Protein chains: 2
Amino acid sequence: MAGAGSAARGTGRLRPLTALASPDDPRIDAYRVIKERDLVGRGGRFILEGRTVLDVALSPRNRFAVESLLIAESRADALAPLLAQTPADVPIYTASQPILDGITGFHIHRGLLGVGLRGDMPTAAQVVAGLPAEALVVVALGITNHDNAGGIMRNAAAFGADAALFDFASCDPLYRKAIRVSVGGSLVVPFAREGTAHDLLDLLGANGFELVALSPAGAVELSHLARAPRTAVLLGAEGPGLPADVMARARTVRIAMKGDFDSLNVATTSGITLHALTNFT
Amino acid sequence: MAGAGSAARGTGRLRPLTALASPDDPRIDAYRVIKERDLVGRGGRFILEGRTVLDVALSPRNRFAVESLLIAESRADALAPLLAQTPADVPIYTASQPILDGITGFHIHRGLLGVGLRGDMPTAAQVVAGLPAEALVVVALGITNHDNAGGIMRNAAAFGADAALFDFASCDPLYRKAIRVSVGGSLVVPFAREGTAHDLLDLLGANGFELVALSPAGAVELSHLARAPRTAVLLGAEGPGLPADVMARARTVRIAMKGDFDSLNVATTSGITLHALTNFT
């Protein structure tokens with residue numbers, strides 16, 4: 001069936017699939033040996049992985065275009081409902097599990113991958129210019145861990161943050177693992193990643209944002225914080241935390257903990273803070 | 001220097017170190033090819049990894065005995081303050097990085113490991129019997145992911161939960177990775193892991209605990225929940241969540257989110273909930 005169109009079986013809904021007979025097929029070059037740092041720089045693509053992420057990617061919430069899907073042959077039936085949602089102009093490639101693993105250089109969890117296209121990413125200034133008069137923005141400064149970047153984007157999506165800004169020292173929310181940990185939040189929340197912490201603080205200050213810096217040494221406890229109409233929540237890396245010169249420019253806020261173990265994961269910190277500052281009840 | 005005692009250098013504080021010349025030295029059998037599932041069943045030991053965890057392990061907060069430490073030779077100077085805190089009867093082994101990696105079968109991050117001893121673990125009934133009249137307990141049901149188990153223990157420690165109970169379907173908070181993610185919280189918060197969800201609910205109910213089940217379908221929003229003097233927070237696995245028969249026995253509570261992306265990580269859920277139910281301000 002190499003290169004021929006087949007169809008999703010057993011569903012009554014036909015969706016053409018393109019079966020691959022070789023891991024070297026040039027049509028799936030974007031999936032080849034997924035080295036994220038390489039891929040990120042190459043043609044503006046990123047990797048979508050797993051059912052939950054693809055569900056978001058194929059929904060109207062996704063801000064990015066999907067270029068193609070690549071699935072394990074054995075999963076075609078189980079994934080038929082998802083594949084039926086896939087726009088007709090998005091090719092769906094299928095391959096046996098060994099060919100799949102050969103293409104990507106690692107074992108594909110649950111046999112479902114996609115490639116997304118960054119397109120024209122907005123600048124931080126464009127993201128901020130697009131915000132409403134009342135807005136909540138999450139700002140990640142020096143967050144280099146992909147799990148944490150993904151966790152922050154998951155929480156930003158869950159609590160409806162209007163945007164996220166990452167400084168250039170932070171990792172990319174579109175890294176494969178960050179997207180996976182975000183369960184698709186990286187595709188939903190408008191974000192930009194650029195510049196230094198102070199570049200981003202300058203931008204936010206000029207646009208009327210109150211800067212709220214989360215730190216165990218913060219002056220105000222979170223539950224006593226009244227949210228300004230425009231609020232930016234600043235998060236630093238675990239360990240070093242936010243630099244003193246960032247803290248000096250912000251209202252500093254702490255999450256009260258038991259005295260002898262004041263240690264929270266930064267993604268958890270974002271969740272606690274966003275829950276405290278939002279109200280969907 | 002094989003087998004001979006040397007000493008931490010450059011600190012003025014002498015602490016005998018035992019240098020190893022071979023990965024096959026029987027004195028460090030406990031570290032050999034750290035397969036966690038094997039180790040957990042073998043002699044009641046568990047693995048401590050990295051500086052933050054060892055700091056907690058060597059502090060009075062740790063509820064477990066430390067059997068030995070194993071460090072990379074190259075780290076002896078940098079770790080001298082930590083080693084000086086190590087009780088005299090706890091042997092400290094040193095080895096070159098290749099020998100270290102040969103012992104453990106994987107690369108030792110930052111060159112610092114320890115072995116802890118479970119000793120006589122309390123039963124769930126003993127843990128509950130030891131609680132004060134006002135108490136907050138975290139209950140993990142079917143949490144099989146080590147990151148999440150560790151994250152829950154980290155938050156339990158940070159917010160001063162009095163105990164944690166894990167059903168037997170959950171993973172062990174003393175797995176290597178769970179301890180690491182907990183940044184030592186697994187060593188601090190009294191816990192037991194046994195039985196079914198209903199066994200644990202029976203025990204808590206008989207001891208006057210209000211059962212609070214976290215679920216996106218919960219009847220009460222978290223910020224409207226008044227905490228009973230004895231409260232047990234029930235957490236289920238992401239995806240399936242808590243089973244209906246557990247929900248039926250509990251007061252159900254939700255964390256309000258934006259409607260179209262109601263998805264939180266379970267460790268983050270524990271952090272948001274414990275923050276809402278505790279007050280250290």
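User: A polar contact is a pair of N or O atoms within 3.5 Å; within protein, one must be able to donate a hydrogen and the other to accept it, and residues adjacent in sequence count only if both atoms are side-chain atoms. How many residue pairs are in polar contact across the interface of chain B and chain A?

Analyst: Ten, with both residues at pLDDT 80 or more. This is a predicted model, where local features need pLDDT of at least 70, side-chain atom pairs count only at pLDDT 80 or more, and totals for chains, interfaces and linings use all residues. Residues are numbered from 1 along each chain as its sequence is written, chains are lettered from A and ligands numbered from 1 in the order written, and side-chain values use heavy atoms, leaving out hydrogens and water.

User: How many salt bridges cross the interface of chain B and chain A?

Analyst: The rule finds two, each needing a side-chain nitrogen of Lys or Arg within 4 Å of a carboxyl oxygen of Asp or Glu. One of them joins Arg154(A) to Glu238(B), with the closest N and O atoms 2.9 Å apart.

User: Which elements of chain B give two or more residues to the side that touches chain A?

Analyst: Helix 6 (146-158), helix 8 (185-188) and helix 11 (266-277); helices are DSSP runs of H or I with at least four residues.

User: How many residues does the contact take from each chain?

Analyst: It takes 32 from chain B and 33 from chain A, contact meaning heavy atoms within 4.5 Å.

User: New topic. How can chain B be laid on chain A?

Analyst: By a turn of 180° and a shift of 0.0 Å along the axis, giving an RMSD of 0.0 Å. The two copies are thus related as by a two-fold rotation axis.

Notes: Copies are superposed by least squares on the C-alpha atoms of residues with pLDDT of at least 70 in both.
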